[in-house]
Amino acid sequence: MEWLIEFPDLGTSTLRNIRLTVDGAFREFTRAYGESIELLFEPVKWFLINSENFMTDMPWPLILGIVAFLVWIASRSWKITLSSVVVLIVIGLFGMWEDTMKTIAMTFVATVLAIIFGIPIGIGMSRSNRVQSVVNPILDIMQTMPSFVYLIPVIMLFGIGKVPGLIAVIIYAIPPIIRLTNLGIRLVDVDVLEAADAFGSSSWQRLKNVQMPLALPTIMAGINQTIMMALAMVVVASMVGVQGLGQQVLRAINNQYFTLGVLNGLAIVGVAIIFDRASQAYGKRLQRHTEVVHG
Amino acid sequence: MAEQHTGIGISIKNLYKIFGSNPEDYVDAVKGGMTKSELNEKHNHVLGLKDINIDMPGGGIQVVMGLSGSGKSTLIRHINRLIDPTAGEVIVGDEDVVKMNETELREFRRHKTAMVFQKFALLPHRTVLENSVYGLEIQGIPRKQQEEHARRWISRVGLDGFEDNYPNQLSGGMQQRVGLARALTNDAPILLMDEAFSALDPLIRMDMQSVLLDLQKEIRKTVVFITHDLDEALRLGDRIAILRDGEVVQQGTKQEIVLRPADEYISSFVREVNRGRVISVDMVMTPLSGEPQGMPVRKGTVLEVAAKKMTDSNVSMAHVIDREGKPVGALDIHDVISAMVTPVDHETAA
């Protein structure tokens, strides 16, 4: 009865052969195309390095001013603006200014890239059920696959460094913006779309004048989620060589520095709250037209 | 009278619409006499419209009336092809809308038609002004010109001062005024109104009907108006077509429909109508024989008014005159009164 207890697997040698074949093939691929793929990501690397340099080289009062200005533009709320400045000052006082700047730069770059790639993919999904049925399972994989697993091929291709970290962050953080762009467009009122058609809109005019503006609050919620998930990934990203607050947390874990861990963890939370409140307030302002004033 | 018929006429010919996965397969069967229920039960397809033939003269208001499910909203969407027909022709001016390709259809919708919707269908993120310019904006007309046109129509429908409000800040009646302004700003010769006033309170509905009738004296567009309300149909329609289960049961002027309902279905509708306010003296006058007698009554006067005039001046005979004052017929008070009273057979039928 042993065959009932032991699951009849393919056998050790077959499994080992499968592993070796796939690994070998991927290694060949890396050798053949690794350099050209790395070249392909050169602009991304440039963008990331420059954002980081900008944040770290700029005098700190100027950064505070810029952050306060951007938060004010987005939220138009003194409360949120002032709290953001206070949070950053406290972070600075505890000696985490430079790491925080690096983390903000990383999050910013990851979010911008996620928006650039995510929104068009989301639009594509909303326009075709077939595209949706292909993209959806891929998004499921991206969100549930442990990040370390997809880090393996990325590291094989790029080695340790900023770019593989950025790729890992984007893979993890891009699904919400794709999903919510798709959802937002699909939820646009069919009556309004019919009106747009009746006046002779082309499909681009439909997208630009009706679908995107009406889906924007939903898309903003997606951007907000993307930012939060990007921040959540900084610790994992630090394992492949991304500098910033995550690296300090990693150091704290390795050496059991409780205070260092808590302080850097709280700094990540602080940055997250600034991003979250500002982007949510902006999303809410976009919906001003939905206020019902009259009956 | 010449300018009354400057608009583009619409002619719907042998139009069929079947909803389902393979509608083409069943057109011939339906043409051969398959009924709606047979099509539904045996083949799981829904017969939306069956052999519709309506001629809508340019510059007039054509009302299509029917209860919900009669296919009237489906029918109006065939005129600008928001819905594709299964078979048939929709001739607008001298073009067949059904044969247009995508580009031609878009141009046709931009320049020839404008539509007003039951649920208003305004763009909620745009102000009244920005909503009104929508048709011109997608035509690529300069912004200044768009706004000039839009402001004129916004003012004409009585929304002065609300240009910068969002639709949500307005009441239902005002929102539909925006819908009307948006359609009129487009300056298309055909105005399609799909139950445009059905969502409004009765008083506001009357008000909007007056706005439309007032405007129509000036703009003389070909208006297709969908409604489920007979009073509204009689008030607005130059011509009325009545739809039931996707078929036209009767069409003609409102007087023809009130005086000579084609079947029991329609007579049950018109039973409650105040005939004195719908039927005009033209329908009951007899040809002139000899000299015109009694007092003159203008052509087009409704019976109620004519009867009041005649009894006030205590005469039993009158003659009908046209616009130039030429006598065209004779009028007997007995005919006037008997036409005003609902026929007895309808009473007993109820």
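Q: How far apart are the centres of domain 1 and domain 2 of chain B?
A: The centres, taken over C-alpha atoms, are separated by 28 Å. The bounds come from an automatic or database domain assignment: domain 1 is 58-80 + 97-112 + 188-273, and domain 2 is 278-349.

Q: Before going on, what are the ground rules?
A: This is a predicted model, in which local features need pLDDT of at least 70 and side-chain atom pairs count only at pLDDT 80 or more, while totals for chains, interfaces and linings use all residues. Residues are numbered from 1 along each chain as its sequence is written, and chains are lettered from A and ligands numbered from 1 in the order in which they are written.

Q: How many residues of the two domains of chain B are in contact?
A: Nine from domain 1 of chain B and seven from domain 2 of chain B; contact means C-beta atoms, placed from the backbone, within 7 Å.

Q: Which helix gives the most on the domain 1 side?
A: H11(B), with four residues. Helices and strands here are DSSP runs numbered from the N terminus (helices H or I, at least four residues; strands E, at least two). That side of domain 1 divides into four nonpolar, two polar and three charged residues. Ala, Val, Leu, Ile, Met, Phe, Trp, Tyr, Cys and Pro count as nonpolar, Asp, Glu, Lys and Arg as charged, and the others, Gly among them, as polar.

Q: New topic: what is the strand order in the open sheet of chain B?
A: E6-E7-E8-E3-E9-E10, six strands with mixed pairing; strands pair if DSSP finds at least two bridges between them.

Q: Why is one side of E6 and of E10 left without a neighbour?
A: Strands E6 (113-116) and E10 (247-253) of chain B stand at the edges and have a single partner strand each, so one side of each has no neighbour in the sheet.

Q: How do E3 and E9 of chain B run?
A: Parallel, joined by four bridges. B:Val64 stands opposite B:Ala241 in E9(B).

Q: Over to chain A. Which residues in H13 are buried?
A: A:Leu245, A:Gly246, A:Gln247, A:Gln248 and A:Val249, where buried means 20 or more other C-beta atoms, placed from the backbone, within 10 Å of the residue's own. The buried residues of H13(A) pack against H6 (97-127), H12 (234-238) and H14 (258-286) of chain A.

Q: How many residues does the contact take from chains A and B?
A: 21 from chain A and 22 from chain B. On the chain A side, the largest share comes from H10(A), with six residues.

Methods. Buried ≥ 20, exposed ≤ 12 C-beta atoms within 10 Å, placed from the backbone.
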